[in-house]
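Me: I would like to go through some local features of this model by question and answer, beginning with a term that one of the answers will need.

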Amino acid sequence: MEQVDEGILAAARKVIAVHINYPSRAAQRGRTPEQPSYFLKPSSSLALSGSAVERPAGCELLGFEGEIALIIGTPARRVSPGEAWSHVGWVTAGNDLGVYDLRYADKGSNLRSKGGDGFTPVGPGLLPANSLDPAALTLRTWHNGTLVQDDTTADLLFPFSRLIADLSQLLTLEPGDIILTGTPAGASVAVPGDVLEVEVGAGALSTGRLTTRVSEGTTPLAGFGARPRADDAQREEAYGSREAAGLPAPEPTTVLTPDLKAKLESVATATLSSQLRKRGLDNVSIDGLTSTQPGRRVVGLARTLRYVPNREDLFKAHGGGYNAQKRAIDTVNEGEILVMEARGEKGTGTIGDILALRAEVRGAAAIITDGGVRDFATVAAMDMPTYYANPHPAVLGRRHIPWDTDVTIACGGTTVQPGDIIVADADGILVIPPALAAELAEDAIAQEREETFIARMVAEGHGVDGLYPLNATWRARYEEWEAGQPHD
């Protein structure tokens with residue numbers, strides 16, 4: 001097998017890197033780009049396998065990212081996705097190193113944070129592109145011998161051919177140019193003394209392990225340039241999560257405080273509905289659904305998942321792998337309610353037992369779908385309630401493609417936005433705009449106290465004329481009664 005050597009490094013006039021391309025990384029970052037975006041690394045950042053990389057003096061966060069590197073074999077200018085792969089000569093392993101301490105300095109260009117000498121090791125072996133299926137490659141990264149990244153190219157956000165075709169629309173990709181194609185979840189931080197290894201595989205073929213050793217820089221950065229600056233936000237980004245960075249969980253900032261949640265749980269949706277109507281909001285109920293636990297009252301913040309009608313070519317790109325459905329289930333948090341837009345389509349399932357169990361384990365308060373539910377007996381037996389249109393045995397791909405998460409959706413005839421407050425009980429399901437929730441809860445509590453008085457008067461034999469609603473005379477009697485009631 002041919003090896004990456006100094007000649008390969010010298011031939012690279014451009015090193016182009018993709019920001020986000022693996023679904024697992026997109027889920028980790030909390031954003032899924034609609035189009036690929038790129039940055040340049042200087043060719044002087046290239047290094048061979050076995051080389052050392054310095055963590056610059058004064059820096060804390062040297063991030064590593066195992067990647068698949070494409071080496072252009074023939075010039076590509078305004079090529080189509082169908083012909084793009086023929087312009088790739090070789091595939092090898094790469095490591096997109098960078099110091100998060102300097103990310104702030106160049107407003108997104110990454111020049112200083114990712115352009116340092118030795119910050120782009122590639123190799124060791126070269127796999128001939130014309131013998132590979134670009135959608136069947138594996139990428140693995142080891143940190144001090146521990147496997148930390150293990151993914152495939154089967155469900156990339158942007159297949160390699162699309163990247164090449166896209167880049168070629170505005171610039172000529174020349175022989176020797178290197179494209180770093182993105183990193184999956186698992187990228188983290190290395191410290192001096194660590195050993196990093198990256199391997200790309202294609203069946204029985206392998207690049208071998210690209211090895212890089214981390215050393216400590218001894219020359220401080222000059223005072224006339226950007227100085228290293230690390231904070232908790234950069235630590236979270238560099239390590240991949242607050243937990244991995246050893247940071248405490250952030251304080252919740254939700255409008256649905258425990259006090260507000262308790263107030264909303266204390267009143268009926270029928271009462272809340274009348275208060276919403278007083279504010280001009282009539283179309284705020286999710287209609288036509290049945291609950292696996294009709295006696296439960298549930299309050300939580302909405303997370304959303306949107307399905308679109310199945311189209312076979314699009315299902316191949318969006319239906320498999322770590323798709324939007326799995327991302328939604330894997331990121332729902334304790335107390336949240338996952339609301340699904342299934343267009344009222346009853347001919348297939350939108351959730352089944354395994355994914356419903358995952359949502360329950362993560363602490364979801366409920367699942368709401370205006371489509372079908374598979375494995376219904378198991379889902380219905382769970383402690384977490386599910387609101388559904390009907391049971392149905394069919395798998396996802398029959399009628400739906402899971403398309404997007406945390407976007408505005410339609411469910412059961414109304415609009416639901418991420419962060420809306422959902423209140424459900426035996427009467428139905430309401431969607432409450434967060435800005436109205438506090439005053440709505442107070443007025444609903446006051447209304448129910450009035451109705452408690454009215455019900456008592458009716459039980460004593462009084463007619464409803466003037467009592468329901470209260471006229472001036474009855475209101476005076478109510479206020480006298482209310483003054484004598486115990487209050488928390």
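Reply: A residue is called buried under 20% relative accessible area, exposed over 50%, and partly exposed in between. Please keep in mind that this is a predicted model.

Me: Is Asp406 buried, partly exposed or exposed?
Reply: Asp406 sits in the loop between strand E26 (400-405) and strand E27 (409-411), and its phi is near 55°, a positive value in a residue other than glycine. Because its relative accessible area is 35%, the class of Asp406 is partly exposed.

Me: Where is Arg343 found?
Reply: Arg343, a residue other than glycine, has a positive phi near 65°, and with a relative accessible area of 33% it is partly exposed. Its place is in the loop between strand E20 (336-341) and strand E21 (349-351).

Me: Which residue is joined to Pro469 by a cis peptide bond?
Reply: Pro469 belongs to the loop between H13 and H14. The cis bond in question has an omega of about 5°, and the residue joined to Pro469 is Tyr468.

Me: How much space lies in the largest cavity?
Reply: The structure holds one cavity of 30 Å³ or more, and residues including Phe64, Asp96 and Lys114 line the largest cavity. Its lining divides into five nonpolar, three polar and three charged residues, and the space within is about 40 Å³.

Technical notes. Residues are numbered from 1 along each chain as its sequence is written. This is a predicted model: local features need pLDDT of at least 70, side-chain atom pairs count only at pLDDT 80 or more; totals for chains, interfaces and linings use all residues. Side-chain values use heavy atoms; hydrogens and water are left out. On a 1 Å grid over the protein atoms alone, a cavity is a set of points where a 1.4 Å probe fits but cannot get out, and a pocket is an open set with protein on both sides within 12 Å along at least five of seven lines; lining residues have an atom within 4 Å of a point. Grid points are joined across faces, edges and corners, and a volume is the space filled by probe spheres set on the points. Ala, Val, Leu, Ile, Met, Phe, Trp, Tyr, Cys and Pro count as nonpolar, Asp, Glu, Lys and Arg as charged, and the others, Gly among them, as polar. Helices (H or I, at least four residues) and strands (E, at least two) are DSSP runs, numbered from the N terminus. Buried means under 20% relative accessible area, exposed over 50%, partly exposed in between (1.4 Å probe, protein chains only).
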